[in-house]
Amino acid sequence: MQNGIYLRNGPGLWHIDDYNFRHLFDGYAMMVKLQFENGRLVAGHRQIESEAYKAAMKNRRLCYREFSEVPKPGNFLSYVGELASLFSGASLTDNSNTGVVGLGDGRVVCLTETQKGSIMINPVTLETIGKFEYSDSLGGLIHSAHPIVTDSEFLTLLPDLINPGYLVVRMEPGSNERKVIGRVNCRGGPAPGWVHSFPVTENYIIVPEMPLRYCAQNLLRAEPTPLYKFQWHPESKAYLHVMCKTSGKIVTSVEVPLFVTFHFINAYEERDEDGRVVAVIADCCEHNADTTILDKLRLQNLRSYSGSHDVLPDARVGRFTIPLDGSPYGKLEAALDPDEHGRGMDMCSINPAVLGKKYRYAYACGARRPCNFPNTLTKIDLEKKIANNWHEEGAIPSEPYFVARPGATKEDDGVVISMISQKNGEGYALLLDASTFEEIARAKFPYGLPYGLHGCWVPKNHNKP
Ligand SMILES: [Fe+2]
């Protein structure tokens, strides 16, 4: 294993004294590192010191709005001051518990749905350095929790809740200033669709407009609603917009079947014999246009599972085909038989070398049923339309993260890293050979760690901040 650090972010603390949070996504962010150094592994973990976390620890109560948790008015006002209203963006959390990215300039930033939850950490000590402040004046409260980050750019979407649409923005390494590439106006309403993630091809940025839409009222409501900060609007239909990366012009915008996805896997351009781009293919972990997965992730549902019945809703690799000949409709179908991966599909990664290009392999969490949560690591072969599944009785693996072998030329030449939570509360780091999908090594943790969400790889020689 090459030298470097695998970082994984995720919710890690779901209570303040005897006050218990309700949803998996409410937890205060905890960073885990697996530091590979000359064949040895050093692991560590640490809470990310967001304002929301520090305020909760100091006051021993909830002070900001988490995913499903709302503070009592007095808690928030006493902490933030009388000028801020509980029903304003100031009350939104900066609990950066979703993902972590290494920018091209070496800075490591933790992210979540709110822009204010962009927090820099030291990847070795895991110390919180401070807020990542965007120096532009683009404003807004939220952004995509999954920007596209390469050594040369950071691309993300800023939903416009007032005038429904999205700003597509780019930030260069060394800069804190996002510059607008273009704008997409929503075709449906009343608000933009939730953009937890989005895909890109070599030349295009694909902006999804999902019928699961943001709801400004729910964002600032006193009590959680069934779909939290979102609303399901099937009547508003679903669309995919394709924007040219260089000009910011919309190349096409198609209506597609209703869908629900949090994670796009990848996208690429399909060419004819003459090399002309005829379509864009975009793949995602698709929940059969069903939003119930959000409710299934309530802690009570996760913790009360007996193991005997099957409650995880079905999911598939949803493959969109977006024609570029001006046709008004795009297609959505399963890229392979969902039974190949037990009809569970989420938490995906690819070899970063094939980002935006025609690709063959994806790594994700699938299902061995009956289950209430994705419980396998799955390697998807999109060419042969088969899946190779790793499973251990009672274990819950986190996102399988692909790291290429230095000098590799084959797409699946590398390792897949995951952290496994075992039935007895213990856990270990697991390395699979990405090519054979067989175990290379496991390292037991001295104590169990909570389930986490998304990770990134920081190579040893990565540019120092
Ligand atoms: Fe995510």
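What percentage of the contacts in the protein with a separation of 6 or more is accounted for by residues 24 or more positions apart? In the predicted model, such pairs account for 56% of these contacts. The secondary structure comprises 5 helices and 33 strands. The radius of gyration is 21 Å, close to the 23 Å that the globule rule gives for 465 residues, so the protein is as compact as a globular protein of that length. Along the principal axes, the C-alpha atoms fill a box of roughly 65 × 50 × 50 Å. Of the 465 residues, 48% are buried.

Strand S26 (residues 376–381) is joined to the antiparallel S27 by 6 bridges. Within this pairing, Lys379 has Asn388 of S27 as its bridge partner.

His287 is located in the loop between strand S21 (277–286) and helix H4 (293–296). This residue counts as buried because it has 22 C-beta neighbours inside 10 Å, the threshold being 20 or more. When residues up to four places away in sequence are not counted, His287 touches Val260, Thr261, Ile293, Pro313 and Ala315. The C-alpha atoms of His287 and Phe262 are 8.8 Å apart in space, with the two residues 25 apart in sequence.

Key
Residues numbered from 1 in each chain as written. Predicted model: local features only at pLDDT ≥ 70, side-chain atom pairs only at ≥ 80, totals over all residues. Pairing = 2+ DSSP bridges. Helix = DSSP H or I, 4+ residues; strand = E, 2+ residues; numbered from the N terminus. Buried ≥ 20, exposed ≤ 12 C-beta atoms within 10 Å, placed from the backbone. Contact = placed C-beta atoms within 7 Å. Rg over C-alpha atoms; globule rule 2.2 N^0.38 Å.
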